Amino acid sequence: MDHQSIIEKINLHKKQPNLRFVLKEKVEGFTNRLFYTLFDSDTPVAENLEYLEKEFDALVNLACWEVDEPCKMLWDNYVVQLPEILESLNLDAEAIVNCDPASLSIEEVYMAYPGFYAIAIYRLAHELYKAGFPLVPRLMTEYAHRQTGVDINPGAQIGKSFFIDHATGVVIGETALIKDNVKIYQGVTLGALYVAKDLQKTKRHPTIENNVTIYANATILGGETVIGAHSVIGGNAWLTDSIPPHSTVFHTPEIKIKTSSNV
């Protein structure tokens, strides 16, 4: 096969006219600038908001493929929500510093806790998701996933003062509902019982009520599964049914130890 034939065949099979990977790169730059604008004390807010608006316009041009959708109005509606998002994120940071004895300062939480970073990008992406602009928020949370090991779908609904400790391996599905003052640890999965395309508009992921703690590597599945308020889910537990408030669930593995006597 000659060189020209190879080029023609590759072009023949490039079937996605809207697949521009520059969008992914631009979303990452936008996400970084947005995070710095909200938290970095040396970053000027007024100047950066102007940059963010221009960057967002570029994202709209790349990702808003429906010509009849009013994508140009998204930024104006989004920017007015940033103070409220920041207020919510400050509550998340305070929850972490108040709950984790290893945290030495609130500044450490903002700069060094991957769980906080993942929550921050999720909250910033969630408002765009609600506005019906799904690809950019999905790329934002996937960027955070790559950075932290935490996979939070931007469609999830998460209440106030959320705490993810150690972070790596956490998965929170699109229709999960997490209420206030919830703490989860590494490896926790809030997932679906099974996957089928016709369930796209169905609540597939669990509901976690107020003041629940879920320890490492617990798995909670199903859209009808509700974890009652003030419950504690122990490490490695597997749940597909609801539990009432004030419950304690734990997994007890059988451990056998063999030793040989010294001869």
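**Entry 1: I233**

I started at I233 and listed its contacts, leaving aside neighbours within four places in sequence: T213, I214, Y215, A218, I220, I227, L239, I243 and V249. A reminder to myself before going on: this is a predicted model.

**Entry 2: the core around it**

Next I looked up the largest nonpolar core, and I found that it has 66 residues. I233 turns up again here, listed with M140, I172 and I214 as the residues with the most contacts inside this core. I then asked which elements give two or more residues to the core, and they are α2, α3, α4, α5, α7, α8 (135-148) and β3. Helix α7 gives the largest share, 10 residues.

**Entry 3: helix α5**

Which residues of α5 are buried? I noted L82, I85, S88, L89, D92, A93, A95 and I96. They cover an arc of only 155 degrees around the axis, which puts them on the same side of α5. On the other side I found P83, E84, E87 and N98 exposed.

What do the buried residues of α5 pack against? My list reads α2 (22-39), α3 (45-63), α4 (74-79), α6 (106-112), α7 (114-130) and β3 (163-165).

**Entry 4: the sheet with β3**

I see an open sheet of five strands in the order β3-β6-β9-β12-β14, with parallel pairing. Both β3 and β14 (248-249) stand at the edges with a single partner strand each, so one side of each has no neighbour in the sheet.

I followed β3 to its partner: it pairs with β6 (residues 183-185) in the parallel sense over three bridges.

**Entry 5: the whole chain**

Last, I stepped back for the totals. I count eight helices and 14 strands in the chain. Its C-alpha trace spans about 70 × 55 × 45 Å along the principal axes. Of the 263 residues, 43% are buried. Among contacts with a separation of 6 or more, 44% join residues 24 or more positions apart. The chain exposes about 15200 Å², and carbon and sulfur atoms supply 53% of that area.

Definitions and conventions
Residues numbered from 1 in each chain as written. Predicted model: local features only at pLDDT ≥ 70, side-chain atom pairs only at ≥ 80, totals over all residues. Heavy atoms only, no water. Buried < 20%, exposed > 50% of the residue type's maximum accessible area, 1.4 Å probe, protein only. Helix = DSSP H or I, 4+ residues; strand = E, 2+ residues; numbered from the N terminus. Arc of directions from axis to C-beta. Contact = heavy atoms within 4.5 Å. Pairing = 2+ DSSP bridges. Areas by Shrake-Rupley, 256 points an atom, 1.4 Å probe, with all protein chains shown as cover. Core = buried A, V, L, I, M, F, W, Y, C linked by side-chain atoms within 4.5 Å.
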